[in-house]
Amino acid sequence: MLDKIIACLDMAGCPSRCLHCWLGRMPSGSLTPEDLRFAAEAFRPYAQKIEVTSWCREPDYRADYRALWELETALSDEKTPHFELMSLWRAVRDEAYLPWLRELGVKRIQVTLFGGRQTTDRYYGRAGAYDEVRRAVALMRENGIVPRLQVFVNQENIGEMPAVEDFVRELGLADDPNFRAFVHLGSCDGENEKLYAVRLTPREVERIPPSLRAWTEQYMGKPLEAVFGQTEAELCRELEGRGEVYGGAKGGSVVFNIDARMDVYPNWTAPAPQWRLGNLLRDGAEAILARYLADETPAQRICARVAQGELVRACADRQSQRLFTMDDYLLYLINQYARRQSALG
Ligand code: SF4
């Protein structure tokens with residue numbers, strides 16, 4: 001029996017279509033409270049504790065977010081406090097929403113920028129997103145919630161980092177000693193994998209303005225260079241002789257993402273076909289868990305059986321100066337390897 005299963009249902013989808021979204025293009029749909037109840041009961045016999053959430057994309061996007069939170073709490077043996085994330089869409093349309101988050105004890109919320117207005121709208125995949133972030137930050141502060149600014153950076157938008165500094169200055173955010181901001185690259189899966197070609201290289205890192213560098217280092221507790229990781233070429237040199245594998249499923253606590261069709265995926269990387277464990281309605285929780293724990297999906301099989309050196313040999317660009325953290329790079333290689341295998345098969 002597992003210690004804990006956390007089942008995250010994509011009950012409402014997401015209003016945005018972010019170009020960097022690690023979840024990729026999940027199917028949109030609308031699941032019901034009965035589906036949430038069903039998921040909790042389906043997994044309950046197989047873990048000491050169950051927790052369910054009504055989202056794995058934008059939290060609280062649905063109009064019945066309060067009732068869903070109460071239902072999640074009622075169905076969960078242990079409820080994680082509300083994440084420091086919110087529905088941007090709702091924050092600027094529903095005046096009861098931010099006070100509700102404050103009542104729940106949320107003190108900070110993370111919001112995302114990609115540069116100035118045009119670039120931020122383009123990366124969110126919808127017009128008006130930048131203005132919503134701006135308005136939401138002002139509303140958060142009126143409600144005693146401190147914003148934390150997350151900035152995704154690549155070769156395409158690095159020139160827009162001064163626009164992020166303008167955003168911070170115009171809203172007076174840095175006057176609050178609790179304000180936090182950081183830049184990062186994001187993982188290289190889902191939609192962000194399509195931005196591989198414009199992933200940052202060490203040459204561009206020095207273009208990060210000093211203020212963003214300092215905020216990032218304060219928040220992450222390490223130098224910016226360590227946040228961005230190593231070049232692909234360096235990682236290849238480190239990995240090429242390695243006989244060990246990435247590692248398969250472990251027991252303990254498990255998090256599953258469940259899409260609008262009730263297809264289940266481990267929460268390791270993008271919920272792509274090579275990770276699909278089965279359908280909760282048709283296959284049932286027992287078969288899905290057995291498949292997960294035996295590393296039976298094509299991608300998990302690679303994680304459990306293919307040496308890291310072999311992943312490099314088959315899929316890496318050994319000359320590439322693109323930056324990755326080690327874990328992000330290994331998952332990128334595993335997804336590449338799985339795709340090549342399915343193309344061959
Ligand atoms: S990154 Fe978040 S807000 Fe953007 S599309 Fe993905 S789930 Fe939605």
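The legends below accompany several views of a predicted model.

**View 1. Overall form of the protein chain.**
The secondary structure of the protein chain consists of 15 helices and ten strands. Its radius of gyration is 21 Å, close to the 20 Å that the globule rule gives for 345 residues, so the protein chain is as compact as a globular protein of that length. Along the principal axes, the C-alpha atoms of the protein chain fill a box of roughly 55 × 50 × 30 Å.

**View 2. Burial and contacts within the protein chain.**
Among the 345 residues of the protein chain, 41% count as buried. Of the contacts in the protein chain with a separation of 6 or more, 76% are made by residues 24 or more positions apart.

**View 3. The surroundings of the ligand.**
Cys14, Ser16, Arg17, Cys18, Cys21, Leu23, Arg57 and Glu58 surround the ligand. By class, the residues of this shell comprise four nonpolar, one polar and three charged.

**View 4. An open sheet of three strands.**
The strands of this open sheet follow the order S3-S4-S5, and their pairing is parallel. Strand S3 (108-113) and strand S5 (180-184) stand at the edges with a single partner strand each, so one side of each is left without a neighbour in the sheet. From one strand to the next, the twist averages 20 degrees.

**View 5. The pairing of strands S4 and S5.**
Strand S4 (residues 146-152) pairs with S5 in the parallel sense, over five bridges. Phe152 has His184, in S5, as its bridge partner.

Definitions and conventions
Residues numbered from 1 in each chain as written. Predicted model: local features only at pLDDT ≥ 70, side-chain atom pairs only at ≥ 80, totals over all residues. Near = placed C-beta within 6 Å. Nonpolar A, V, L, I, M, F, W, Y, C, P; charged D, E, K, R; others polar. Helix = DSSP H or I, 4+ residues; strand = E, 2+ residues; numbered from the N terminus. Rg over C-alpha atoms; globule rule 2.2 N^0.38 Å. Buried ≥ 20, exposed ≤ 12 C-beta atoms within 10 Å, placed from the backbone. Contact = placed C-beta atoms within 7 Å. Pairing = 2+ DSSP bridges. Axes fitted to C-alpha atoms, helices over the stretch in contact; angles between N-to-C directions.
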